[in-house]
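My entries follow in the order I made them.

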Amino acid sequence: MKELFIKTERQRYWLGQLASIAESIKAEAVEVDEQSRFPFEAHKRLLQIGYPKLTLPKQYGGEGLSVYDMVLVQETLASYDENASLSLGWTLGVVGEIYDKKLWAEDILQQFALEVQKGAIINRAVSELATGSPTRGGRPGTNAVSTNDGWLLNGRKIFTTASPVLDYFLTSAWIEEKGQIGFFLIHKDVAGLSIEENWEMSAMRGTSSHDLVLKNVLVSKNHLVELPNHPSGAKINGWILHIPATYLGIAQAARDYALHFANHHQPNSLNAPISTLPNVQQLLGDIELKLHQARFVLYGVAEAYDDPARRDTLTNEMAVAKHTVTNSAIDIVDKAMRVVGAKSLQLTNPLQRYYRNVRAGLHNPPMDDMTILKLAAAAIEQQKLTELE
């Protein structure tokens with residue numbers, strides 16, 4: 001079905017590049033989960049094909065992939081290894097957003113583009129234990145103080161995905177003298193920066209989302225790169241669609257496994273594979289339906305964001321796509337396990353990994369409850385405006 005969403009030869013090229021390294025990535029995925037370690041082999045392979053610069057605009061020396069393109073490659077990569085997809089997806093999303101919206105000064109954009117061309121990996125470090133998700137508006141405990149030599153940062157961030165390979169941390173901190181949050185670009189080798197390896201989760205174990213610890217970290221003045229004048233999550237950002245794309249890829253992998261199993265598993269009580277049974281066909285049909293629904297929503301929203309004529313009309317569609325895809329993906333994996341039966345719970349079976357990992361999508365921003373509340377608020381306000389016209 002995904003063939004329907006491939007629109008250009010350029011997209012085929014990059015899908016082909018991923019296919020060329022698929023087997024090595026798939027082979028490592030099992031060990032990554034079992035050992036709760038980062039997918040270093042996948043990371044190396046992805047660097048070799050230039051993955052980090054996919055969303056860097058062409059005028060800055062990148063490949064210039066759109067949000068739609070990014071979703072396509074991210075979903076495909078996730079069907080090979082979801083940990084690698086989510087980890088590298090943050091670099092694609094952050095780079096895409098920064099250059100799309102010109103969030104930094106032009107000289108910093110030019111300098112950083114050279115790093116991305118060489119394979120630099122970046123992620124935002126925003127979550128903290130006391131505040132939870134930054135989209136809920138909590139003020140970071142990490143603080144930045146101005147000195148004669150630059151900014152002095154102290155604090156701790158949790159959920160720092162891909163921490164073992166990050167070259168740069170785009171870190172939020174409270175600036176008391178400005179009375180607002182700022183984002184600082186911090187290189188991994190700066191004095192006082194360390195990673196506390198404490199990622200102990202049953203899901204997405206290979207993302208190595210350890211704690212980032214900052215102790216008197218000195219950052220140059222011009223590396224205060226962002227001073228947002230709006231709450232986190234308030235601006236439309238299509239680049240976050242790399243998140244649901246990953247969970248859709250997990251759903252696709254689960255579907256493929258269940259379908260192969262159904263076509264080849266034949267108990268001695270039957271004279272044909274279980275795919276001939278009505279109850280199994282019902283499950284497989286439901287899986288196909290949900291995949292269609294999720295994919296049309298995700299790619300439709302990505303296409304709308306990439307269209308300058310429609311982007312300004314978007315409101316809550318990014319959140320709708322994330323909510324729809326992640327919840328559909330969870331249901332798809334569940335149904336795949338029902339097709340396979342108790343064997344799906346064996347530790348050697350990939351479905352038990354997909355089951356654990358797909359649920360992590362519920363805890364990536366934006367959260368389901370916030371999406372529903374925003375949709376309700378928007379509908380209520382629209383109705384009021386309609387009555388006034």
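I took helices (H or I, at least four residues) and strands (E, at least two) as DSSP runs, numbered from the N terminus. This is a predicted model, where local features need pLDDT of at least 70, side-chain atom pairs count only at pLDDT 80 or more, and totals for chains, interfaces and linings use all residues. Residues are numbered from 1 along each chain as its sequence is written, and side-chain values use heavy atoms, with hydrogens and water left out.

**Entry 1: H2 and H3**

I started with helix H2 (residues 22-35) and helix H3 (residues 40-48). Which residues meet here? From H2 I found Ser24, Ile25 and Glu28, and from H3 Phe40, Glu41, Ala42 and Arg45. By class I noted three nonpolar, one polar and three charged residues in this contact of H2 with H3. For the classes, Ala, Val, Leu, Ile, Met, Phe, Trp, Tyr, Cys and Pro count as nonpolar, Asp, Glu, Lys and Arg as charged, and the others, Gly among them, as polar.

Next I read the geometry. Axes are lines fitted to C-alpha atoms, for helices over the stretch in contact, and angles run from 0 to 180 degrees between N-to-C directions. The axes of H2 and H3 are 8 Å apart, and the packing angle is about 160 degrees. That makes H2 roughly antiparallel to H3. The cut-offs: under 35 degrees is roughly parallel, over 145 roughly antiparallel, 65 to 115 roughly perpendicular, and the rest oblique. H2 and H3 cross in the left-handed sense. A crossing is left-handed if the near helix is turned anticlockwise from the far one by less than a right angle, and right-handed if clockwise.

I then checked the loop between H2 and H3, where serine 36 is found. Its phi is near 50 degrees, a positive value in a residue other than glycine. Most residues other than glycine have a negative phi.

**Entry 2: H10 and H11**

I moved to helix H10 (residues 317-340) and helix H11 (350-358). Their axes come within 9 Å and cross at roughly 160 degrees. H10 and H11 are therefore roughly antiparallel to each other. Their crossing is left-handed. H10 brings Ala329, Ile330, Val333, Ala336, Met337 and Val340 to meet Leu351, Gln352, Tyr354, Tyr355 and Val358 of H11. By class I noted 10 nonpolar, one polar and no charged residues.

**Entry 3: H4 and H8**

Helix H4 (residues 67-80) packs with H8 at an angle of about 150 degrees, with the axes 8 Å apart. That makes H4 roughly antiparallel to H8. In H4, I listed Val67, Tyr68, Val71, Leu72 and Glu75; they meet Arg295, Leu298, Tyr299, Ala302, Glu303, Tyr305 and Asp306 in H8. This contact has eight nonpolar, no polar and four charged residues.

I also looked at glycine 300, found in helix H8 (residues 278-306). Glycine 300 is partly exposed, at a relative accessible area of 30%. Between glycine 300 and glutamate 317 I noted 17 residues of sequence separation and 9.7 Å in space, C-alpha to C-alpha.

**Entry 4: strands**

Two strands pair if DSSP finds at least two bridges between them. Strand S2 (residues 143-147) pairs with strand S3 (residues 150-160) in the antiparallel sense, over five bridges. S2 and S3 form a hairpin with two residues between them. Asparagine 143 stands opposite asparagine 154 in S3. What is the bridge partner of alanine 144 in S3? I found leucine 153.

S3 is also joined to strand S7 (residues 210-219) by seven bridges, and S3 and S7 run antiparallel. Arginine 156 stands opposite valine 213 in S7.

Alanine 162 sits in the loop between S3 and strand S4 (168-175). Its phi is near 70 degrees, again a positive value in a residue other than glycine. At 0% relative accessibility, alanine 162 counts as buried.

Last, I checked proline 366, in the loop between H11 and helix H12 (368-388). The peptide bond from proline 365 to proline 366 is cis, with omega near -5 degrees. Most peptide bonds are trans.

Conventions: Buried < 20%, exposed > 50% of the residue type's maximum accessible area, 1.4 Å probe, protein only. Contact = heavy atoms within 4.5 Å.
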